[in-house]
Amino acid sequence: MSEPTLLGTALAYARRGWPVFPVEPRGKEPLGALAPHGFKDATTDQLTIRRWWKHTPDANIGIPTGLPETFDVGDFDKASRLALYKRLLAELPGLPRILTGSGGRHVLFAPGAHKSTTNK
């Protein structure tokens, strides 16, 4: 079985009803040339998504958060947040989680299910 491509993953997210937009390869900033309005350009339109990833095949995938059809994200990219991440998963073991391209960790929540906090 082959590894999923970024395009394939973006299309799969769109089929789930999650709008996507292209982000800098291995980064978090929207690709301004393709999505000049950032998350506001997110779409589930398969043709638009194919065009974006044909232009920049290694673009990372952005998904706007907090929308009824998506989710909120807990971002545990910093090593200092590893203990909090482990505690959260111990308390709520069923939470969906993602390992990011840079080795960080994200946990997905229903929109508005948890208050946002910042630990910088």
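Thr48 counts as buried, because its relative accessibility is 18% and the cut-off for buried is under 20%. The model is predicted. Thr48 has its place in helix α2. Its side chain makes a polar contact with the side chain of Asp45, at 2.7 Å.

Asp41 sits in a loop. That loop runs between β1 (21–23) and α2 (46–55). Leaving aside residues up to four places away in sequence, Asp41 touches Val20, Ala35, Pro36 and Trp52. Pro64 is 23 residues from Asp41 along the chain, and the C-alpha atoms of the two are separated by 9.6 Å.

Two residue pairs have a distance attached.

| Pair | What is given | Distance |
|---|---|---|
| Thr48 and Asp45 | polar contact of side chains | 2.7 Å |
| Asp41 and Pro64 | separation of C-alpha atoms | 9.6 Å |

Next comes helix α3, which spans residues 82–91. Which of its residues are buried? They are Tyr85, Leu88 and Leu89. Seen down the axis of α3, these buried residues fall within an arc of 95°, so they line one face of the helix. What covers them? The cover includes two strands, β4 (97–99) and β5 (105–109). The other side of α3 carries exposed residues: Ala83, Lys86, Ala90 and Glu91.

Note on methods: Residues numbered from 1 in each chain as written. Predicted model: local features only at pLDDT ≥ 70, side-chain atom pairs only at ≥ 80, totals over all residues. Heavy atoms only, no water. Helix = DSSP H or I, 4+ residues; strand = E, 2+ residues; numbered from the N terminus. Contact = heavy atoms within 4.5 Å. Buried < 20%, exposed > 50% of the residue type's maximum accessible area, 1.4 Å probe, protein only. Arc of directions from axis to C-beta. Polar contact = N/O pair within 3.5 Å; in protein donor to acceptor, adjacent residues only side chain to side chain.
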